[in-house]
Amino acid sequence: MNFNEYPIESLMYITNRPEIVFTHGKGSWLYDNNGKRYLDFIQGWAVNSLGHCNDGMIEALNKQAQLLLNPSPAFYNGPMAQLAGLLTQHSCFDKVFFANSGAEANEGAIKLARKWGKKFKDGAFEIITFDHSFHGRTLATMSASGKPGWDTIYAPQVPGFPKADLNDIASVEKLINAKTVAVMLEPIQGEGGVIPATREFMQQLRALTKKHNLLLIVDEVQSGCGRAGTLFAYELSGIEPDIMTLGKGIGGGVPLAALLAKAEIAVFEPGDQGGTYNGNPLMTAVGYSVISQLTAPGFLEGVRARGEYLRARLLELSEERGFEGERGEGLLRALLLGKDIGNQIVEKARVMQPDGLLLNAARPNLLRFMPALNVTNEEIDQMMSMLRSILDTL
Ligand SMILES: *Cc1c(COP(=O)(O)O)cnc(C)c1O
């Protein structure tokens, strides 16, 4: 393989990457520097909601690129206001702050909760989070995360994030004290292995946080923006949180994230929060195209139908191969393998010929599926048949 064109050795080593360079993509397909194509069920880690190089996004990018890239975050621009309006129109929230990454949006949520605690709750600052949760890679969001080992890797941690167990309301109640200001969770733990919080647990959490005058923060960086079959996953449990964060799918592949809050919670004062690229018109114009497409009539119904289709196919496969079933919502699903063969399958899927298949093992004993939300049933069938042929070789 000739990498002369691509001086990959200049890149800082942070993870093991396969020796291929992806050059272009369309819809559910990615192409590498050797011309090989791959059926993509990772989609940039549940990021490319509308698949690779979506026409509407390209049009929005081109149009905005000719108009205005960056007036400064100290001024209004059209796309930032239009996207904020679209998000408040389609959610239970009133106020939006845009950021560049999920971690940054979560940092904003943590700061907003602490500010609210300072103002209204006698300086309360502790935010209860959950074991196996994932909230990002900044120091505070790593501290909020419940990923094993993350408490020591860059110690000392940012204090104030006691951990409870998902779907166990007593474990949350036990941690509440005078310093508690909020509970923060992913409605569906993504990196933890696609583990949904139950509807009952979400409702119990809402009641418990109301009772103790605590904020409920949902990290919908992965579960939001149509991924769970509703525009936001909190809708599935019939509750209204106080704060929500979005990332990944909101930009459909460009760096965009958002922090949303109810009007009475949005207590930042000038100077409390900011960021050079917040509300950048190039990115928010793309986000506007993405959210417009997701909220177009029939789109989310289609996501739910394709989610059900994928679910049924995974269950068939599970029965056929003696696996342990599947779980998830919409088009964020996991196949429970019952043994640690996930990474082996992922590897074989990628190198398979003539076409490769991109899959992810969020944990060694499961496969996570996060295709484009406009994936077709035919592409799901194609993925299943490729997966079967890999399983035959194990
Ligand atoms: C990916 C993810 C994040 C971090 O987002 P970045 O854009 O990588 O900073 C935070 N929370 C959840 C639930 C995620 O899945």
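Contact, as I use the word in these entries, means heavy atoms within 4.5 Å.

**Ground rules.** I am working with a predicted model, where local features need pLDDT of at least 70 and side-chain atom pairs count only at pLDDT 80 or more, while totals for chains, interfaces and linings use all residues. I number residues from 1 along each chain as its sequence is written, and side-chain values use heavy atoms, with hydrogens and water left out.

**Arg137.** I began with Arg137, which touches Ala103, Met142 and Trp150 when residues up to four places away in sequence are not counted. I placed Arg137 in the loop between strand E5 (126–130) and helix H5 (139–144); helices (H or I, at least four residues) and strands (E, at least two) are DSSP runs, numbered from the N terminus. With a relative accessible area of 61%, Arg137 is exposed, given that buried means under 20%, exposed over 50% and partly exposed in between (1.4 Å probe, protein chains only). The unreviewed UniProt entry puts the annotation "binding site" on Arg137, although such annotations may be inferred rather than shown by experiment.

**The ligand.** Which residues surround the ligand? I listed Ser101, Gly102, Ala103, Asn106, Phe134, His135, Gly136, Glu186, Asp219, Val221, Gln222 and Lys248, where a residue is near a molecule if one of its heavy atoms lies within 4 Å of it. Helix H4 (residues 102–120) gives the largest share of this shell, 3 residues. I then looked for polar contacts, which are pairs of N or O atoms within 3.5 Å; within protein, one must be able to donate a hydrogen and the other to accept it, and residues adjacent in sequence count only if both atoms are side-chain atoms. A polar backbone atom of Phe134 is 3.2 Å from a nitrogen atom of the ligand, a polar side-chain atom of Gln222 is 2.8 Å from an oxygen atom of the ligand, and a polar side-chain atom of Lys248 is 2.6 Å from an oxygen atom of the ligand. On its own the ligand has 380 Å² of accessible area, of which the protein covers 82%; accessible areas come from the Shrake-Rupley method with a 1.4 Å probe, and for residues only the protein chains shown count as cover.

**Lys248.** I found Lys248 in the loop between strand E11 (243–246) and strand E12 (257–261), and the unreviewed UniProt entry lists Lys248 for "modified residue: N6-(pyridoxal phosphate)lysine". Is Lys248 buried or partly exposed? Its relative accessibility is 21%, so Lys248 counts as partly exposed. Beyond its neighbours within four places in sequence, Lys248 is in contact with residues including Trp45, Ala46 and Gln222.

**Arg368.** In strand E17 (residues 366–369) I looked up Arg368, which is buried because its relative accessible area is 0%. Its side chain and that of Glu191 are joined by a polar contact of 2.9 Å. Leaving aside neighbours within four places in sequence, Trp45 and Gln222 are among the residues in contact with Arg368.

**Backbone angles.** Most residues other than glycine have a negative phi, and most peptide bonds are trans. I noted a positive phi near 75° for Trp45 and near 60° for Ala46. Trp45 is partly exposed at 34% relative accessibility, whereas Ala46 is buried at 3%. I also recorded a cis peptide bond between Ala155 and Pro156, with omega about 0°, and another from Gln353 to Pro354, with omega near -5°.
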